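Here's a quick walk through one chain, from its overall layout down to a single residue. Have the viewer open as you read.

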Amino acid sequence: MGKGYVTIVVGIIAIGVIAGCGAIMHGGHQSVSFESAPAGAMVTVTDALGMTAGSCETPCSLDLKRKREYKVSIAKTGFAPVQMEIDRRTDGWIWGNILFGGIIGLVVDFTSGSAYRLTPKQVSVTLSPTTTGGLDPNLDGPSLVIIDFAKLSPEEKERLKVIKPIPLSQL
């Protein structure tokens with residue numbers, strides 16, 4: 001074996017030990033994609049501390065840190081919002097560290113988040129229309145929402161409260 005060959009082999013082993021298998025294979029971030037039917041829903045992703053990790057309008061994707069777990073809210077005016085979670089699971093590349101990287105590689109991967117994968121990696125939801133019209137985040141003040149009372153479920157009728165009827169002549 002020549003000197004150059006030995007140097008390359010030692011270099012590859014050193015990278016595995018120092019950087020960790022997960023860090024080499026996919027890094028500490030993961031792209032998660034979001035789709036909704038209908039499209040154009042606002043996606044808001046927050047971490048365990050309630051800090052916003054990202055937001056976008058469907059269809060879209062966000063680059064999220066692998067070492068965290070997230071709560072996702074998908075909302076569109078006129079549709080019931082959807083809440084879900086993105087979980088963190090140990091990635092299969094961790095076995096590469098056990099075989100080649102040793103304890104240093106394991107520490108690097110768990111510290112950087114490379115030891116994890118986020119699931120699901122693709123979120124696809126079908127939004128259900130609401131009969132109450134939903135809230136419009138673009139409105140700054142009071143607004144009028146017209147509700148067809150006959151189409152409401154018994155649960156929705158229970159939640160409605162009449163504040164004060166306004167005669168049509170005053171509108």
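## Ground rules

Two residues are in contact when they have heavy atoms within 4.5 Å. This is a predicted model, where local features need pLDDT of at least 70, side-chain atom pairs count only at pLDDT 80 or more, and totals for chains, interfaces and linings use all residues. Numbering runs from 1 along each chain as its sequence is written, and side-chain values use heavy atoms, with hydrogens and water left out.

## Overall layout

You'll find four helices and eight strands in the chain, taking helices (H or I, at least four residues) and strands (E, at least two) as DSSP runs numbered from the N terminus. In sequence order they go α-α-β-β-β-β-β-β-α-β-β-α.

Of the contacts with a separation of 6 or more, 66% join residues 24 or more positions apart. Buried residues (under 20% relative accessible area, 1.4 Å probe, protein chains only) account for 26% of the 171 residues.

## Around Thr119

Thr119 sits in strand S7, which spans residues 116-119. It counts as buried because its relative accessibility is 16%.

Setting aside neighbours within four places in sequence, Thr119 is in contact with Glu85, Ile86, Asp87 and Arg89. With Arg89, there's also a side-chain to side-chain polar contact at 3.3 Å. Here a polar contact is a pair of N or O atoms within 3.5 Å; within protein, one must be able to donate a hydrogen and the other to accept it, and residues adjacent in sequence count only if both atoms are side-chain atoms.

How values were computed. Buried means under 20% relative accessible area, exposed over 50%, partly exposed in between (1.4 Å probe, protein chains only).
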